[in-house]
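Here's a quick briefing for anyone opening this structure for the first time. Have a look at it, then read on.

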Amino acid sequence: MLNNPARFLLAIFIVIFCGCKNETKEERTEPVVPDTPPLFRLLPQQETGVDFINQLEEGLNTNILMYEYFYNGGGVAAGDINGDDLIDLYFTSNMGESKLYLNEGGLRFKDITAVAGVGGRPGPWKTGVAMADVNGDGKLDIHVSYSGQMKEESRQNQLFINMGNDANGMPTFEDQAKELGLASAGYSNQIYFFDYDRDGDLDALLLNHNPSSMPVLNEVKTAEILKVDDELRGVRLFRQTNGHFDDVTATAGISSSALTYGLGVGISDINNDGWPDIYISNDYAVPDFLYINNGNGTFTDKLKQSVGHNSQFSMGNDVADINNDGWNDIVTLDMLPEDNFRQKLLLAPDNYSKFELNIRSGFHYQYMRNMLQLSNGNDLTGNPTFSEVGQIAGISNTDWSWAALLADFDNNGWKDLHVTNGYFRDYTNLDFIKYMDDFVKSKGRLQREDVLEIISHMPASNVVNYIFSNVDGLNFTNQTQAWGLNRPSNSNGAAYADLDNDGDLDIIVNNINQPAFIYRNEADKEPDNRYLDIKLLGETPNTQGLGAKVTISIKGKKQSVEQITARGYLSSVSPVLHFGLGEAANVDTLIVRWPEGKTQVLTNIAGNQVLTLSESDATDSEATTKAIKPLFVETASPINHQDKPLNANDFKRQTLLINQLSFGGPAMAKGDVNGDGLEDVFVGGGVGQPGELWLQSAGGNFRKKSQAAFDLDSASMDADAAMFDVNNDGHIDIYVASGGYHTFTSNNVELLDRLYINDGKGNFRKDKDILPEVGGSNATVAVADVNGDGSNDIFVGGRVVPGRYPEAPQSYLLINNGSGKFSDQTASLAPGVERLGMVTDAAWLDVNKDGRQDLIIVGEWMPITVFENTANGFLLATEKYFDKSYEGWWNTLTVADINGDEVADLLVGNLGINTQFGISETTPAEIYFDDFDNNGSVDPIFCYFVQGKSYPSATRDELLDQLSSFRRKFNSYKSYAEVTLADIFSPEELENAGHMQADFMKTSVFLGQVGGKFIEKALPIEAQYSPVHTITVFDYDADGKKDILLCGNNSYSKLRVGKFDANYGALFKGKGNGEFAYVSQPGSGFNLKGDVRSVVQVDKFLLFGVCQGKMKAYTFND
């Protein structure tokens, strides 16, 4: 949870004792009462009888400087402990007495802690709580975890076994943790009961954590620590045998080193093979774990194979099927605030050295925000794969968050998301860190009273919890205020349960220094939305049926819920499974898959009831799922090409870049270079790597043919290539555009484009005399006969001025004299394109049907631009063809008739909308650029909207690193936290600066109309998960309707932006009218990882050029 400066400075005080009750609180707005009755009503403690407060008192030995997890809070468990069909509640208190409340009906509760004997040991440090029938006697037991910097005997976990009700009907308990083997003295957060080996009894995963800050490590030290099992700090797996729990961590393959900072666990059958898997959320740089159950008592961590990136400071998580596709998805929480003010107070500069060290140490790609890992199903090897879509879903920013709970709170048939939030001492506040640093430097040797002074300056976050309504399976809307949950607090553990048996889920929250929240759900007052609750009676000893999965179907639409009660953060939810039915009165089909494999099927079940199902009634054997035959299968690439790795970091050249610009290849082009009737392939090289020519032979085999001319140009980066007949001799020649950024300047000879002439046998020579100097870092080559003389002419699009982003580079119009010699006629024929912008792609098309080839250009910070080819040259005519500007960060352009109306359409790849930026016509992104400090460099200031107002993206440190003259003006992080561009620069400076904007980020289809207009046609949401860099149009199923394959991703953005890796090769089946339907990844078979930058279809192969990777190949699965 801490950035480096905070960790370092807090470590200084780890041996100092202090105490203080003063607090500095940030000003927060008061809750706003919605106009309509909220979905939830907060019940006062006088009404419920629940008077629990997790009260924390700072003292000499008890404070955040002594114990970093001091304000991580406590949990809550919900379950029926006395068998009266009313859900009871247990709250853990970190320092005081935990409480058990008996539900007496009517949302009234009675404190029976003393009678039941479950208050726990006096004093600190109680953490998580779980309810489960551990010993299989049909009664719920209670497990309480302990942690803290204390003696081992004070950390022994407790397992309160339910002894049944006494003569007065009160349940009583005995601590039998030692007898059952669960009295661990580790630093425990929570226990999770489940039957991992499917032998009928419950096993347990104990989530321990290291109580000390993560040390600064190198690769060697990290590897050493990871090899050593740490029983107290590492995660432990226990297998139950004959009523006793035995530690099987090592033999099961579970990592349990001191580098364990686990805060949440999700138990779920993630790959749908019937075996429960484990997702572990880890704080700090330690990556999360995705343990896939091998079905033989062991697990294998598949995180890197399945997840492109994960939350950096992973807190609580939940696993459930949010889009009702039958595959469970994963939500992990982190610390990224929603508002600009807190972002600017908390976000430290990107630390690329540390990030790269973590990757080299074997850790994963991690970024600070909530993440929604949307399941794509399993790949052909059986590994689940996920696309991270938290930003497009709208749930990525909820501040310092703890518990994630996925459940249908409004009974509309979609699982919503509840998030608890807040931290009582916000030690990540950068002004506080600076204050602490300055204080230490000024004092030298610290006294006790000094530490008290430091703590008194720690602010409290005082944020609200969040609740998001699931609209359609992916889009979530923030309903915190409308649903009545907008009350400032520092909340931690939470659970859901139907406390009053009215058919909707109520919410229970454990708060720090504030009464617990009990929110009554008022959904029962909306009769249009119905429900179905399921109570499972498993066979002894797994009497709750933990691990069972229930799936319902209503008019072909399915929902599924798994019976796993320990969820979210430090807590356990009700064991009664809940389904919202929407307006449906009945469920058509209900299928239960019990943990050991039995299934049972029910039909025509009435809604608005609690249905009890017994495993003893299940007679069917485990159902087998028919494997999907994929349309395409990966095969060995016939072209053995590896894009040469480039060791570059463009952010060290221009700090305020958004994306790195040095990573663009490999380019590919195809053509028959030796006249044998077979298409050959040119593959562009990276810096220090020559281009390659691969000749095709019969049977679809390829061999590389050496080219001395290519070798001589290996210092250049091949950004794009076109294969065409330059000189009308009937032979295919090759034009190669040079690109690059990191070490180049605009006048480098390595940036000159090249033209290679073919002798007809596939031998190429570079002819310098036929091509003028076409320099700069270019991106695209488009070829057509633009003047009707029968010879091919060339447009070359300039991508960037190295070191001076986002200044417009030069683009070129090269006219062929008829014999293959080109002249630069941009200034005379097309002056408008010469400094048009940062071009990424272009295409020739006779847009107005006058017989001349017109030019369509796309680029970064550019509209889709049309230049008409007229007798007076090329004239800008964009507004004639588009009703809006469509200014985007366009990457690629393809022209094809996709709806069969014999009018060309445009398919254009864009950034997508799975970002923080929220770009639209009313909330555009902007960039202003100039040499604001007159030091000879370009200062690009990128702005985007946050909560309705445009702010600079740069943090205070990033801005001052670029423009140090503002250091006095913004002398604190708070002074910069609400600054807009107008507060930084004068009107004159902004007026004189370069300015561009983007208002459209969706990859889109534009259907050509008979009258010449292009009309936007939306693609399915899966097209927007990641940047699209290639568009392949083909008819894969030969139904006469054009289909499309979109590929892309971007691994080279700012760390705060993170990797874009959600696209695995997205296939869309055409409907013939310009509309498309997404084909699931298991259905398509594509499992492309990395940044795809080129695709060619040759013979039976689809060849994929992967930036910094090996070429991939797929074939149709006939």
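Let's start with Pro666, which sits in the loop between strand S44 (632-635) and strand S45 (668-671); strands are DSSP runs of E with at least two residues, helices are runs of H or I with at least four, and both are numbered from the N terminus. This is a predicted model, so local features need pLDDT of at least 70 and side-chain atom pairs 80 or more, while totals for chains, interfaces and linings use all residues. Residues are numbered from 1 along each chain as its sequence is written, and side-chain values use heavy atoms, leaving out hydrogens and water.

**Cis peptide bonds**
- Gly665 and Pro666 are joined by a cis peptide bond, with omega at about 0 degrees.
- Tyr805 to Pro806 is cis too, with omega near 5 degrees.
- You'll find Pro806 in the loop between strand S54 (793-800) and strand S55 (812-816).

**Positive phi without glycine**
- Leu107 isn't a glycine, yet its phi is positive, about 60 degrees.
- Leu107 belongs to the loop between strand S5 (99-105) and strand S6 (108-111).
- At 6% relative accessibility, Leu107 is buried (under 20% relative accessible area, with exposed over 50% and partly exposed in between; 1.4 Å probe, protein chains only).
- Asn934, also not a glycine, has a positive phi of about 55 degrees.
- Asn934 is exposed, at 67% relative accessible area, in the loop between strand S64 (925-930) and strand S65 (939-946).
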